[in-house]
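I opened a new notebook page for this chain and wrote down what I looked up, one topic at a time. The structure comes first and my entries come after it.

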Amino acid sequence: MPGGRLTSEERRSIATGLAEGLGYAEIGRRLGRPASTVMREVARNGGPDGYGADRAEEATRDRARRRPQDRTPPVSVADGGHADGRDPGAVRDFTDSFTELLVQQGLPRMAARVLMCLYVTDSGALTAAELVQRLRVSPASVSHAVAFLEQQGMLSRQRPSGGRRERYVIDDAVWLRSTLAAVRMNDVLAGESRRGVEILGADTPAGARFGSSAEFLLLMSRTLRQVMEEWRRRPPVHPERRGD
């Protein structure tokens, strides 16, 4: 069934499809599954280059065995777990798969885990102690991850009036700020690429390579700025949030 768990045979078909160079949509079409299901399965089990059917099957069994005693749900009842009809198992699966996607995009694993822990809370805000408790990691690990995410513009720190503990916060603009940071880096790289043209010579293969890079990076920056401006102008659509 499209909504059921993947079978061993389906996992072998996914591995075969990846080996053939097929995309997620085509593999999903052959299986009668959504492309998103295939993408999550691959993302959480080694990615396109490391996926193996037997290894994925064993990893799935291991996750199922660990959950009752070793895993802490990323959301609590107070944060809307059972109270809102959310399935804790489905939330865990979603959190795991989205985390793997972030890791594949280059985000350090602990930073990805912290970001997702904040993302799945309705308030989008947690203290360091709450992150340590939910992720079951050391305070130092959380501190390093938070510093990285803050540098990337993906979270901010807030100290409630009269409170002593800082809260780490994300909001609807998390990807906007992250993209802005990427645009600024593109601009820096474009400037350095132009300097490379001057140093190496525009009429040399190396200089021409840097010139092409500068043009591409500047085009990307202009396009992303247009997208960000459209996003800023959109009306807010999220419901009012609850505190944790």
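My entries below go from the whole chain to its sheet, its helices and some of its side chains.

**Entry 1: ground rules**

I noted that this is a predicted model, in which local features need pLDDT of at least 70 and side-chain atom pairs count only at pLDDT 80 or more, while totals for chains, interfaces and linings use all residues. Residues are numbered from 1 along each chain as its sequence is written, and side-chain values use heavy atoms, with hydrogens and water left out.

**Entry 2: the whole chain**

I looked up the elements and found eleven helices and three strands, where helices (H or I, at least four residues) and strands (E, at least two) are DSSP runs, numbered from the N terminus. Read from the N terminus on, the order is α-α-α-α-α-α-α-β-α-α-β-β-α-α. Of the 244 residues in the chain, 35% are buried; buried means under 20% relative accessible area, exposed over 50%, and partly exposed in between, with a 1.4 Å probe and protein chains only. I also looked up contacts, which means heavy atoms within 4.5 Å: among those in the chain with a separation of 6 or more, 58% join residues 24 or more positions apart.

**Entry 3: the sheet**

In which order do the three strands of the open sheet stand? I found the order β1-β3-β2, with antiparallel pairing, and two strands pair if DSSP finds at least two bridges between them. I reminded myself that strands of a sheet pair through backbone hydrogen bonds, either parallel or antiparallel. The edges are held by β1 (125–127) and β2 (156–158), and each has a single partner strand, so one side of each is left without a neighbour in the sheet. On average, neighbouring strands of this sheet are turned by 35° against each other, direction ignored.

Between β1 and β3 (residues 167–169), which run antiparallel, I noted three bridges, and L126 stands opposite Y168 in β3. Helix α8 (residues 128–135) packs on the sheet and touches β1 and β3, and its direction makes about 90° with that of β1; axes are lines fitted to C-alpha atoms, for helices over the stretch in contact, and angles run from 0 to 180 degrees between N-to-C directions.

I picked R167, which lies in strand β3, and asked whether it counts as buried or partly exposed. R167 is partly exposed, because its relative accessibility is 23%. R157 is ten residues away from R167 along the chain, and their C-alpha atoms are separated by 5.7 Å. Leaving aside neighbours within four places in sequence, I listed contacts of R167 with residues including A125, L126, T127, S156, R157 and Q158.

**Entry 4: two packed helices**

Two packed helices are described by the angle between their axes and the distance between the axes. For helix α7 (residues 109–119) and helix α9 (residues 139–151) I noted an angle of about 85° and axes 9 Å apart. The two helices α7 and α9 are therefore roughly perpendicular, a label for 65 to 115 degrees, whereas under 35 is roughly parallel, over 145 roughly antiparallel and the rest oblique. The contact involves M110, A111, V114 and L115 from α7, and S141, A145, V146, F148 and L149 from α9.

**Entry 5: salt bridges**

How many salt bridges does a search of the whole structure find? The search finds 14, each being a side-chain nitrogen of Lys or Arg within 4 Å of a carboxyl oxygen of Asp or Glu. One of them joins E57 and R11, with the closest N and O atoms 2.7 Å apart. Since E57 lies in helix α5 (residues 53–70) and R11 in helix α1 (residues 8–19), the pair ties together parts that are 46 residues apart in sequence. Both E57 and R11 are buried.

I then looked at R233 and E229, whose closest N and O atoms are 3.6 Å apart in a salt bridge. Both lie in helix α11 (residues 205–233), four residues apart, about one turn of the helix. R233 counts as exposed at 59% relative accessibility, whereas E229 is partly exposed at 35%.
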